[in-house]
Each structure stands twice: as C-alpha cells, then as structure tokens.
Amino acid sequence: MSELSTIRNSRVYYTTDPRGFACMALGIEEKISDYAEAANVLANNGYHVALYPCDSDILKQGDPELLGIHSDAVKEHFGNLAANVDETFYFGCSLGASIALHLQRRDKRAKPGLYATAGIRLSRAVFKSEGFRGMDITAAFESSMGVNQGDDAITLEAAEALLQVAWQDYEMDVATPPLANFAGALLVLGKADMAIDYDEALSSMRSWREVGVPIQTLTQPSSGHLATLRTVRNNFGKLFVASQDPETYRTAFGEFELEQWDTCRVV
C-alpha cells in the first residue's frame with residue numbers, strides 16, 4: 001500500500017449551496033459504493049462529502065506505521081478540501097472510526113460525529129480479537145514484531161505495549177477521552193461483534209461520559225460486526241439526525257426498529 005493509494009481510491013461528492021464538508025472514513029475492505037446512499041443523506045443536509053476507503057494491507061502487513069500513513073493522507077486531503085468551510089462532520093466505521101475520531105477531536109469546526117463498530121484499544125484488539133485473528137492480522141503483527149520468535153523474542157504483552165505507544169493517537173479507551181473542543185458523537189455497537197469487544201467499548205464510552213464527554217452509544221443486542229455496519233448504512237438518515245441531537249433522539253425515538261435488524265437501545 002502506498003501513501004497515495006488512500007487518496008487515489010477516495011471519492012468526493014459535491015452539493016449545491018453547502019454548509020460544510022463531511023469526512024467518511026470506512027473500515028478495511030469496505031466498498032465506497034455501499035455508502036453512496038449515506039453520502040447522499042449528507043449531501044441533502046448541505047455537506048460536500050469525501051469518502052475514504054481503507055486498504056486491508058494497513059493491518060495485514062503487520063507494519064505499525066501504515067495506520068499513521070493512511071491517517072495522515074486522509075487528514076491532509078480532507079484538510080485541503082475543507083479549508084474554507086465553517087462546519088465539518090465526521091463519520092467512521094470499524095478501523096475508519098479511529099481515524100475519523102482522531103480528526104474530529106482536533107477540528108474546532110466539527111459538529112457531533114457518527115461512528116460504528118469501534119470504541120476499543122486497537123493495540124489490544126490486534127492481538128486478542130477473534131475477528132482480527134480470523135483475518136490473519138494477529139499473525140502478521142506477531143511475526144513483524146517478533147512475538148515469541150528466536151533469541152530476540154518479545155512477549156505478547158510487550159508487543160501490545162509498543163503498539164499502544166505507536167497508535168496512541170487512534171486508541172479509543174478509558175485513558176483517551178476527547179475533551180477540549182469535542183462536540184460529541186453517537187456510537188453504534190453490535191453486542192455480538194467478534195472484532196470489537198462490546199463490553200470493553202461500552203465501558204470505555206461510559207468512562208468518557210463520566211468525565212464530561214458528550215457521547216452516546218446505541219446497541220444492537222444480537223448483531224455482529226457486518227450486520228451492524230449494514231444497519232448503519234440502511235438507516236444512515238435516522239442515525240445522522242440522532243447524532244446531531246442525542247437528547248431529542250432519546251425522547252423522540254426511544255427504542256425503535258431498524259428495518260429487519262434488532263431493536264436498538266440507547267445505553
């Protein structure tokens with residue numbers, strides 16, 4: 001993966017009479033075409049939209065530096081696109097959520113964001129998530145970082161600690177609450193997600209709220225990773241409205257059915 005592939009494969013939608021620019025950072029191997037309707041929702045709400053795919057090699061090569069290279073490319077490209085607007089909006093799902101939140105928390109113009117299948121410490125998930133192990137990501141990092149290999153072997157715990165330092169800007173855990181200039185966010189979680197530890201994510205977000213971070217979580221009780229992403233795509237309009245005013249969402253919607261998927265509950 002080259003630094004430029006992130007931008008070469010991105011797509012920008014323009015609308016008339018825009019109020020701002022939206023950044024949509026996708027998860028690994030997700031297709032931009034699957035988010036065309038979501039982009040249309042944002043365009044109808046007055047946003048130009050930039051969509052950024054995420055090459056699986058960012059993790060599958062086992063190189064800790066590639067996440068930062070991808071994120072920096074998105075930051076520079078979107079920063080140039082949105083240089084002259086007064087308002088921005090960030091959406092991110094899966095790995096893209098860590099990148100989009102990284103950008104939102106540093107952008108004073110940002111409105112409340114919308115995120116899905118995230119909320120964990122990536123450095124832990126790489127080594128302990130069943131979803132990452134099933135995609136050969138765990139093995140790639142164990143190999144590249146020398147976990148239990150040869151005379152210079154390091155332990156799994158040591159590798160995780162090194163990765164945590166390398167990825168400190170992208171971690172979403174109890175130690176990294178976004179405080180200054182953070183407008184808030186809505187995070188959609190699937191309780192049966194094999195890539196994202198639901199209990200860890202929920203605990204992290206609750207700890208953020210305890211220190212004043214305006215973030216709400218919306219849970220699908222029996223959905224896994226891919227089903228949760230489909231729910232977000234199929235109900236993006238409702239979720240966008242909810243993200244912009246969580247308190248109105250709580251009182252107006254309560255629990256509601258998201259098409260054929262599970263009943264979601266605000267937690």
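These legends describe close-up views of a predicted model.

**View 1. Helices H2 and H12 cross at roughly 45 degrees.** H2 spans residues 36–44, and H12 spans residues 236–244. Their axes come within 9 Å. The crossing of the two helices is right-handed.

**View 2. Residues of H2 meet residues of H12.** H2 contributes Ala38, Val41 and Leu42. Phe236, Gly237 and Phe240 come from H12. By class, five residues in this contact are nonpolar and one is polar. No charged residues take part in the contact of H2 with H12.

**View 3. Thr6 sits in helix H1.** H1 covers residues 5–8. Thr6 has a relative accessible area of 4%, so Thr6 counts as buried. Beyond its neighbours within four places in sequence, Thr6 is in contact with Tyr52, Pro53, His70, Ala73 and Val74. Thr6 and Pro53 are 47 residues apart in sequence. In space, their C-alpha atoms are 6.7 Å apart.

**View 4. Cys93 and the cysteine sulfur closest to its own, in Cys54.** The two sulfurs are 9.3 Å apart. A disulfide requires sulfur atoms within 2.5 Å, so the Cys93 sulfur is too far from that of Cys54 for a bond. Cys93 is buried, because its relative accessible area is 0%. By the distance rule, the count of disulfides is zero.

**View 5. Cys23 is a buried cysteine.** Its relative accessibility is 0%. Buried means under 20%, so Cys23 falls in that class.

Note on methods
Residues are numbered from 1 along each chain as its sequence is written. This is a predicted model: local features need pLDDT of at least 70, side-chain atom pairs count only at pLDDT 80 or more; totals for chains, interfaces and linings use all residues. Side-chain values use heavy atoms; hydrogens and water are left out. Buried means under 20% relative accessible area, exposed over 50%, partly exposed in between (1.4 Å probe, protein chains only). Axes are lines fitted to C-alpha atoms, for helices over the stretch in contact, and angles run from 0 to 180 degrees between N-to-C directions. Helices (H or I, at least four residues) and strands (E, at least two) are DSSP runs, numbered from the N terminus. A crossing is left-handed if the near helix is turned anticlockwise from the far one by less than a right angle, and right-handed if clockwise. Contact means heavy atoms within 4.5 Å. Ala, Val, Leu, Ile, Met, Phe, Trp, Tyr, Cys and Pro count as nonpolar, Asp, Glu, Lys and Arg as charged, and the others, Gly among them, as polar.
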